[in-house]
Amino acid sequence: MFSSYVPRWLQVLLTEKFFNACIIHEDARKNEKNIYCLDCCISICPRCLAPHSSHRLLQVRRYVYHDVIRLDDATKLMDCAFVQSYITNSAKVVFINQRPQTRQFRGSGNFCTICDRSLQDPYLFCSLSCKIDYLSRTEDGLSKFLFECNYLPLPDSGLDDGLVTPDSVLEPSCSTKTSSGSGGYDEVWCRALACTAATSEIVRKKRTSLTACRPTCPPVSEVSGNLMNRRKKAPQRAPLY
């Protein structure tokens, strides 16, 4: 997957194991290494920040054992067009690497160009690594994919633990950013949601028509009443032969 023109910081980002305990601060609380230093190409914990304060830093978050980064941070480093993004904790995120699938099934629909994971339109890649894998095989490679970024601070709101609980379910975002940040795909997800709404309306109408076609049965009380009236009639004696 990697080639000579893939920068070192990107190679390490895709292969680094985040959220391991920091061996320097192994006895401290919240010592998970969830910060990536692009200048040193290492992962660090929040207590290791001081020597890296002037470096380009990227906070890594995790959702169900898979690493994600904020889309705003990713778009400063690379073109994230056609990489499916999600919304969690009021922030758009993208997966760093592809996620393993329990079964491979390719039916109708939209799928990741590399790993065949099911996607929403118009996305082509489920993660940054899948797009990098694809572009590395093309003639231009990553030359037009990566941006020059000399300043990448941590969020102004401060660091969090980076853990996204399963209760805050990832939802597909309603827009994606282009490399210029102009939001050229802002209406794409609205169209996708409109299609979903239209599909739901069709299903509702079908259910309504099926209900209308079913034979109507009298209420149970009415049926029981008819049976009781029949029983109250005078018994008819069988004819004698």
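Residues are numbered from 1 along each chain as its sequence is written, and side-chain values use heavy atoms, with hydrogens and water left out. Because the model is predicted, local features need pLDDT of at least 70 and side-chain atom pairs count only at pLDDT 80 or more, while totals for chains, interfaces and linings use all residues.

The term pLDDT stands for the predictor's confidence in each residue, on a scale from 0 to 100. For this protein the mean pLDDT is 75, and 61% of the residues reach 70 or more. Helices (H or I, at least four residues) and strands (E, at least two) are DSSP runs, numbered from the N terminus. A contact here means heavy atoms within 4.5 Å.

Residues are called buried under 20% relative accessible area, exposed over 50%, and partly exposed in between (1.4 Å probe, protein chains only). Seven of the eight residues of helix 3 are buried, so this helix is largely enclosed by the rest of the structure. The buried residues are Leu 128, Ser 129, Cys 130, Lys 131, Ile 132, Asp 133 and Leu 135. What do the buried residues of helix 3 pack against? They pack against helix 1 (8-15), strand 5 (66-70) and strand 7 (91-95).

Helix 1 has its own buried residues: Trp 9, Leu 10, Val 12, Leu 13 and Leu 14. Their cover includes strand 1, strand 3 (57-59), helix 2 (71-77) and helix 3.

Strand 7 can be taken next. Four of its five residues are buried, so strand 7 is largely enclosed by the rest of the structure. Two strands pair if DSSP finds at least two bridges between them. Strand 7 pairs with strand 5 in the antiparallel sense over three bridges, and three bridges also join strand 7 to strand 6 (residues 86-88), again antiparallel. Val 93 in strand 7 is the bridge partner of Arg 70 and also of Tyr 86. Strand 6 and strand 7 form a hairpin with two residues between them, and Asn 89 in the turn has a positive phi of about 55 degrees.

The next topic is the nonpolar core. A nonpolar core is a set of buried Ala, Val, Leu, Ile, Met, Phe, Trp, Tyr and Cys residues joined through side-chain atoms within 4.5 Å. In soluble globular proteins, nonpolar side chains tend to be buried together. The largest core in this model has 36 residues, of which Trp 9, Leu 10 and Tyr 36 touch the most other members. Helix 1, helix 2 and helix 3 each supply at least two residues of this core, and the largest share, five residues, comes from helix 1. A second, separate core of eight residues includes Cys 22, Cys 45, Leu 57 and Leu 154.

Charged side chains form links as well. A salt bridge is a side-chain nitrogen of Lys or Arg within 4 Å of a carboxyl oxygen of Asp or Glu, and the structure holds five of them. One joins Arg 56 to Asp 39, with the closest N and O atoms 2.9 Å apart. Arg 56 is in the loop between strand 2 and strand 3, Asp 39 is in the loop between strand 1 and strand 2, and the two are 17 residues apart. Is Arg 56 buried or exposed? At 17% relative accessibility, Arg 56 counts as buried, whereas Asp 39, at 39%, counts as partly exposed. The side chain of Arg 56 also reaches the backbone oxygen of Cys 149 at 3.0 Å.

Lys 131 and Asp 79 meet through their side chains at 4.0 Å, N to O. Lys 131 lies in helix 3 and Asp 79 in the loop between helix 2 and strand 6, so the pair ties together parts that are 52 residues apart in sequence. Both Lys 131 and Asp 79 are buried. Arg 137 and Asp 133 form a salt bridge at 3.2 Å. Here Arg 137 is exposed, with a relative accessible area of 61%, while Asp 133 is buried at 13%.

Methods:
A polar contact is a pair of N or O atoms within 3.5 Å; within protein, one must be able to donate a hydrogen and the other to accept it, and residues adjacent in sequence count only if both atoms are side-chain atoms.
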